[in-house]
Amino acid sequence: MCAQKSVSVRGPQIVYTPADMRFTELQLHEKIQSGLVNAEFSTCTEVQEKTLPASLAGDDVAVQAQTGTGKTACFLLTIFQRLLESSQEVRPGHTRALVVAPTRELAVQITDDANLLGKDTGLSM
C-alpha cells in the first residue's frame, strides 16, 4: 500500500505563488521538459513544489488549493512521466491513463493543458 500524503495550500486570494524550485530540477523526461519550455513554465508554483517530488516518486498525493495554483500540471506531468518511463508494451488504440473530471468545462480545460504540456511526448490525448 502506498503512503498517502496530503498537502493543503491555503492563503489570501493569491492565484499564483511562485516557489524556488525549477522544473529542470525534477529530472523529468526531455519530451516533458520541451512541453514545459513551450508553455513558458520554468518555476514551480508552491503546490507543484510541494507535491511533484512525491507524486513522481510514486506516492499518493491529495491536494486542495485554489484555481490557478498548478494542480492540473501536477497530475499531468506525473502521468506523462510514468507513461514515458513505462516498459509496458504500447498497444495502439488502448487507453493507458484516464482522467475523470466532474464537469465538461473542467474536462476541456484539462485536455487543453494536456495537449499543451504533452505536445512533444508523442502521447495521444
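Predicted model: local features only at pLDDT ≥ 70, side-chain atom pairs only at ≥ 80, totals over all residues.
Local features were taken at pLDDT of at least 70 and side-chain atom pairs only at pLDDT 80 or more, whereas totals for chains, interfaces and linings use all residues. Residues are numbered from 1 along each chain as its sequence is written, and side-chain values use heavy atoms, with hydrogens and water left out.

Helix H2 spans residues 46-56 and helix H3 residues 71-85, and their axes come within 10 Å and cross at roughly 25 degrees; helices are DSSP runs of H or I with at least four residues, numbered from the N terminus, and axes are lines fitted to C-alpha atoms over the stretch in contact, with angles from 0 to 180 degrees between N-to-C directions. H2 is therefore roughly parallel to H3, a term for angles under 35 degrees. The crossing of H2 past H3 is right-handed, the near helix being turned clockwise from the far one by less than a right angle. In this contact (heavy atoms within 4.5 Å), H2 contributes Val47, Gln48, Thr51, Leu52, Ser55 and Leu56, and H3 contributes Lys71, Ala73, Cys74, Leu77, Thr78, Gln81 and Arg82.

No disulfide, defined as a pair of cysteine sulfur atoms within 2.5 Å, was found in a search of the whole structure. The closest cysteine sulfur to that of cysteine 44 belongs to cysteine 74 and lies 7.8 Å away, which is too far for a bond. Cysteine 44 counts as buried at 0% relative accessibility, and cysteine 74 is buried with a relative accessible area of 8%, where buried means under 20% relative accessible area (1.4 Å probe, protein chains only).

Note on methods: Helix = DSSP H or I, 4+ residues; strand = E, 2+ residues; numbered from the N terminus. Parallel < 35°, antiparallel > 145°, perpendicular 65-115°, else oblique. Buried < 20%, exposed > 50% of the residue type's maximum accessible area, 1.4 Å probe, protein only.
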